[in-house]
Amino acid sequence: MLGNSHHRGYFDIGFCLNRWLIFVPFLIGSFFLVTGVKMHHPYQHNRGGRPPRITACSCVIDETDPNEPLFLLIQKQHSAPYRDFFQLLMQGDGQKAQQKLHQISKAELESILRVCDNPAVELERLFTDVFGRNPSWKTKERKWKSANPPPWQVFQQIPVKTTCATLLQTTQNFPAFWEFPGGDVGRGEDPALSATREAKEETGFDVVPHPVYHKLNEQVHWGPNGQNTNNMTVCALKEGCSTSAPTSKADDVEVQAVKWMNFEDCLAHMRDPKNVDYPNFLKKAYCFLCHKQFQTLKVGAMSKPVWMQLETLHARMKKYLLDENQAKQHADMEAQYNKFKFECGNTPTPEQAQAKEQKKQDMLSFVLRCVEKNANKPAGSTLWN
């Protein structure tokens, strides 16, 4: 009797568990449906149907000359807004495609204007020119064509001719811009290794994650709602490599040119209107380099050449590496210094000369503190702008 009772009790519990297990998936699904909570994965598709992009780029620094560090940049065959214009046509989004016309160069506007005479034929030719060398293009083309109206129909629905004609009459012209080498991170690939791989593929130079500046690395979110992630990595040339001799052939499918530039040239050539993260990250790295170089020079013997280097470095930091509020504070300090200098005249007393030198040192200390602080500022921060 006890055995039968025990057996029957065990059976009843198992029966109840089985019944509950049937409802568990239903209850979990109902919870996510009602609350709107979603499980996220880096490669999971968003509501728009496209997976978030995980990318990596490398800020490659060469410090062979510590007074003039060089940075490795690439120039794409076509500008990003120009490529985006054609992709948006293929995706059926004429409104966004029209917006891109305001971000591209006059030469690229002229090529788009020529499409107006025969959109069906000319668009196909330009699609091949812009994307044809990319191995994955045919797959994307089939996918987009099957889901959207023909690109030439989308093209004819927007006022391309009048928009291009108006923009060509303006004085503004975007030159071909330069950027850090980079690309998509492979599934399961370490972002830092992806950055070095992309740098070698696109430039031909062997690079490694920088052993000292790794604390500057960061993730910047971009795209709609910040759904995409760019892993920005500071890199250096591999030991034994030099800026004059790449170790392999650079990519000539998407990359038009590869060049080592100093900081000022880099800043002048990074003109992509929708991407402030690259110049901000460049400034961040240069803040670190300048602060380190200044401290190194300051502890050495104070000869005239060293003093001139310090003055040059101070002027460069003041010009490029202060944000708007810091620059305003420095300008106020400089105005007070110049006023005091004028009051002292050509023959200041020893006390006045000492006070003048102190004001000068205060300005320098202020710039150094700001640069040290800015070396830790996120590249995506609007405080740089």
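Contact here means heavy atoms within 4.5 Å. Keep in mind that everything in these close-ups comes from a predicted model.

View 1. L73 is found in strand β2 (residues 70–76), and with a relative accessibility of 0% L73 counts as buried. Leaving out residues up to four places away in sequence, L73 touches W178, E179, F180, A257, V258, K259, M261, C266 and M270. Have a look at A199 too: L73 and A199 are 126 residues apart in sequence, yet their C-alpha atoms are 9.5 Å apart in space.

**View 2. F85 and F86, an aromatic pair.** The structure holds ten aromatic pairs. In the one formed by F85 and F86, the ring centres are 5.2 Å apart and the planes sit at 80 degrees, so this pair is edge-to-face. F85 is buried, with a relative accessible area of 0%, and F86 counts as buried at 0% relative accessibility.

**View 3. A cluster of rings.** F71, F263, Y286 and Y320 are joined into a cluster by ring pairs.

**View 4. The buried side of helix α4.** In α4 (residues 106–113), the buried residues are E108, L109, S111 and I112. They span an arc of only 160 degrees around the axis, which puts them on the same side of α4. As for partners, the buried residues of α4 pack against α2 (80–90), α5 (119–131), α7 (151–156) and α8 (160–169).

**View 5. Helices α13 and α14, packed together.** Helix α13 (residues 324–344) packs with helix α14 (residues 350–374) at an angle of about 170 degrees, and their axes are 10 Å apart. An angle over 145 degrees counts as roughly antiparallel, and α13 and α14 are therefore roughly antiparallel to each other. Residues making the contact include H330, M333, Y337 and F340 of α13, and A355, K359, M363 and F366 of α14.

**View 6. K359 over F340.** Zoom in on two of the residues in that helix contact, F340 of α13 and K359 of α14. The charged end of K359 sits over the ring of F340, 5.5 Å from the ring's centre.

Key:
Residues are numbered from 1 along each chain as its sequence is written. This is a predicted model: local features need pLDDT of at least 70, side-chain atom pairs count only at pLDDT 80 or more; totals for chains, interfaces and linings use all residues. Side-chain values use heavy atoms; hydrogens and water are left out. Rings of Phe, Tyr and Trp (its six-membered ring) pair if their centres lie within 6.5 Å; planes under 30 degrees apart count as stacked, over 60 as edge-to-face and the rest as tilted. Buried means under 20% relative accessible area, exposed over 50%, partly exposed in between (1.4 Å probe, protein chains only). A charge sits over a ring if NZ of Lys or CZ of Arg is within 6 Å of the ring centre and within 35 degrees of the ring normal. Helices (H or I, at least four residues) and strands (E, at least two) are DSSP runs, numbered from the N terminus. The arc is that of the directions from the helix axis to the C-beta atoms. Axes are lines fitted to C-alpha atoms, for helices over the stretch in contact, and angles run from 0 to 180 degrees between N-to-C directions. Angles under 35 degrees count as roughly parallel, over 145 as roughly antiparallel, 65 to 115 as roughly perpendicular and the rest as oblique.
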